[in-house]
Amino acid sequence: MGRLAMLNLVLRLLSLAGQVVSVILFLSATSDNDKNCDNNIAFDFDVKPQFTFNKFSAYRYTVAVNGIGILYSFVQIVSAVFHGKSGDHSYQGLVKFNLYGDKVVSILLGTGVAAGFGLTLDLKHLPCSSIITGRFLDKMAVACSYSLGGFVSTAVASFISVKIFETSLNDCSC
């Protein structure tokens, strides 16, 4: 297996790991809070606000994009293993799919990371942020950080896809 193919496989595995950990953290985070907000919003004593990622569309989007990234990473890992073992990059359809798919998935993952971090920072600065515990928001920030790692790995792997595409064009007698 060549160095380029090995690096591609390692980046795909890192991307998959970051996205899987991110989704697990998103799914497991809850905000159990029995505090009332002091700023003109009073909850009845029987009401205990509980927040999960489902309550916020930006977090749902981040989880959905990570799900797409996980599926794409599985496909890319199989492709990287195939290319690494065979050394054959001549199938233009697969090479183009890798090239363009990396770009699209990288952009999607980047927007998911931005949405998750943006919402987390906005929620931390709300005047009544005591309703949503800091522990919940910290867990969301950590989940977004792992998602960021998956995004960076996919983005770097997209540069390798360009190199592989150039190699396949040079090898092709078209």
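Which helix does N98 lie in? N98 sits in helix α3, residues 92–124, where helices are DSSP runs of H or I, at least four residues, numbered from the N terminus. Keep in mind that this is a predicted model, with local features needing pLDDT of at least 70 and side-chain atom pairs counting only at pLDDT 80 or more, while totals for chains, interfaces and linings use all residues. Residues are numbered from 1 along each chain as its sequence is written, and side-chain values use heavy atoms, leaving out hydrogens and water.

N98 counts as buried because its relative accessibility is 8%; buried means under 20% relative accessible area, exposed over 50% and partly exposed in between, with a 1.4 Å probe and protein chains only. Its side chain makes polar contacts with the side chains of Q76 (2.9 Å) and S79 (3.2 Å). A polar contact here is a pair of N or O atoms within 3.5 Å; within protein, one must be able to donate a hydrogen and the other to accept it, and residues adjacent in sequence count only if both atoms are side-chain atoms.

Stay in helix α3 and you'll find T120, buried at 2%, its side chain joined to that of Y59 by a 2.6 Å polar contact.

Now for the charges. There are 2 salt bridges, each a side-chain nitrogen of Lys or Arg within 4 Å of a carboxyl oxygen of Asp or Glu. One pairs D102 with R12 at 2.8 Å, N to O, linking helix α3 to helix α1 (residues 3–28) across 90 residues. D102 is buried at 0%, and R12 is buried at 3%. K124 pairs with D138 at 2.9 Å, so helix α3 is tied to helix α4 (residues 134–171). Here K124 is partly exposed at 37%, as is D138 at 40%.

Definitions and conventions:
Helix = DSSP H or I, 4+ residues; strand = E, 2+ residues; numbered from the N terminus.
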